[in-house]
Amino acid sequence: MLVRRLPTIALLVGLPILLANCSSDSPAPAGAAGTPSTAGTGAGGSTGVAGQPSAGAPAGGSVSMAGGGSTGLAGTGGSSVAGGGSGSGGTSTGGTGAGGASAGSSSAGAAGKAGGGSGGSTSGGTFALTSPDQVEGAKFDGKFTCNGGNLGAGIIPELDWTGVPSGTMSFAITFIDTTIGDTKPMGQHWAMWNIPATVMKIPQGTKALSGDLMNAKQSGNFLSPCAQSLMNGMDDQYEFTVWAIPTATLNVGQSTTVASVLTALKALSPKPPTATLHGHAGLKGQ
């Protein structure tokens, strides 16, 4: 009878041993890695790699049991990777330590969603000039040219700019017939300057300056495309340029001509960042 009970006793004794071998000493599966966050600094943890405990884990925390990596050691500049645990600060590029949950993406300068960390400010992005009235490089609609009429007919299209460079304190805009060139009076169509840095748009049909543009200046009314002759029988090419100026005003002296504005802009050093928008139109804007 004693011999028959031995296997049962051995089984009961061995079961705790077997369960002990499945304890938290074994690494847990890695959590889903989130999209990398590219900013945020501070006291982060050391890298937790695919659910494995990081070196010195006792100083930063124990192994995550729910699909995550270990919590990193306290330190600066650490990051968590592929399910790594959270730290204080640091850039996060993986899932959270608890549960291995996937972290969402974050843009440059935004706070990392996994592993903690505070982000910086967002960047301005690419400086760009656009218009709902004019596709880049397309022919101008007759509304924005003299359309077979006389010089001075036609209105300015809406102009919008984004991605303003840091340090910008004002803007200037020039409109040039680049087929003739910006050094010749017939190529110098229009300019506006001392535009406040808070302004990001010139409304369609702007003539008199008011509101946010009250203190800006311009070289008379907008002179729309209205070529009196064409080089080589082709349409003239035109370019709007917005200039990001590092001062609140542009010193053009007493003159208000496009030529004086161009001279002042070209004298700035270093050359200010610019964004452009192009179009073309035929004889007398048609």
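Colleague: Which hand does the link of Cys146 and Cys226 have, right or left?

Modeller: Let me give the general idea before the case. A disulfide is a covalent bond between the sulfur atoms of two cysteines. Keep in mind that this is a predicted model. Here the link of Cys146 and Cys226 is right-handed, with 80 degrees about the S-S bond. The pair joins distant parts of the chain, with Cys146 in the loop between β3 and β4 and Cys226 in the loop between β8 and β9, 80 residues apart. Their sulfur atoms lie 2.0 Å apart.

Colleague: How many disulfides does the structure hold?

Modeller: The structure holds one disulfide.

Colleague: And is Cys226 buried or exposed?

Modeller: Cys226 counts as buried because its relative accessibility is 3%, and buried means under 20%. Cys146 is buried too, with a relative accessible area of 4%.

Colleague: Let's turn to the sheet. In what order do the five strands run?

Modeller: The general idea here is about pairing. Strands of a sheet pair through backbone hydrogen bonds, either parallel or antiparallel. In this model, five strands make an open sheet in the order β8-β6-β5-β9-β10, and the pairing is antiparallel. The edges are taken by β8 and β10; each has a single partner strand, so one side of each is left without a neighbour in the sheet.

Colleague: What packs on the sheet?

Modeller: Helix α3 does, touching β5, β6 and β9, and its direction makes about 55 degrees with that of β6. The buried residues of α3 are Val258, Ser260, Val261, Leu262, Ala264 and Leu265. These buried residues pack against β5 (170-177), β6 and β9 (236-245).

Colleague: Over how many bridges do β6 and β8 pair?

Modeller: They pair over two bridges, in the antiparallel sense. Trp193 stands opposite Lys217 in β8.

Colleague: How should I read the aromatic pairs, and how many does a search of the whole structure find?

Modeller: A pair of aromatic rings is described by the distance of the centres and the angle of the planes. The search finds nine aromatic pairs across the whole structure. Take Trp190 and Phe222: their ring centres are 5.7 Å apart and their planes stand at 80 degrees, so the pair is edge-to-face. This pair links distant parts of the chain, since Trp190 is in strand β6 and Phe222 is in the loop between β8 (217-218) and β9, 32 residues apart. Both residues are buried.

Colleague: Which residues form one aromatic cluster?

Modeller: The cluster is formed by Phe140, Phe175, Trp190, Phe222, Tyr238 and Phe240.

Colleague: Now the backbone. What is the phi of Asn194?

Modeller: Start with the general rule. Most residues other than glycine have a negative phi, and most peptide bonds are trans. Asn194 has a positive phi, near 60 degrees. This residue is found in strand β6 (residues 188-196) and is buried, with a relative accessible area of 12%. Asn147 also has a positive value, with phi near 50 degrees. Asn147 lies in the loop between β3 (128-130) and β4 (159-162), and it counts as partly exposed at 45% relative accessibility.

Colleague: Which peptide bond is cis?

Modeller: The bond from Ser269 to Pro270 is cis, with omega near 0 degrees. Pro270 sits in the loop between α3 (258-267) and β10 (274-281).

Colleague: What does the side chain of Asp133 reach?

Modeller: It reaches the backbone nitrogen of Glu158, at 2.8 Å. Asp133 lies in the loop between β3 and β4 and is partly exposed, with a relative accessible area of 22%. Leaving aside neighbours within four places in sequence, Asp133 is in contact with Phe144, Pro157, Glu158 and Gln204. Asp133 and Pro157 are 24 residues apart in sequence, yet 5.7 Å apart in space, C-alpha to C-alpha.

Terms used: Residues numbered from 1 in each chain as written. Predicted model: local features only at pLDDT ≥ 70, side-chain atom pairs only at ≥ 80, totals over all residues. Heavy atoms only, no water. Helix = DSSP H or I, 4+ residues; strand = E, 2+ residues; numbered from the N terminus. Buried < 20%, exposed > 50% of the residue type's maximum accessible area, 1.4 Å probe, protein only. Contact = heavy atoms within 4.5 Å. Phe/Tyr/Trp six-rings, centres within 6.5 Å; stacked < 30°, edge-to-face > 60°. Disulfide = S-S within 2.5 Å. Pairing = 2+ DSSP bridges. Axes fitted to C-alpha atoms, helices over the stretch in contact; angles between N-to-C directions. Polar contact = N/O pair within 3.5 Å; in protein donor to acceptor, adjacent residues only side chain to side chain.
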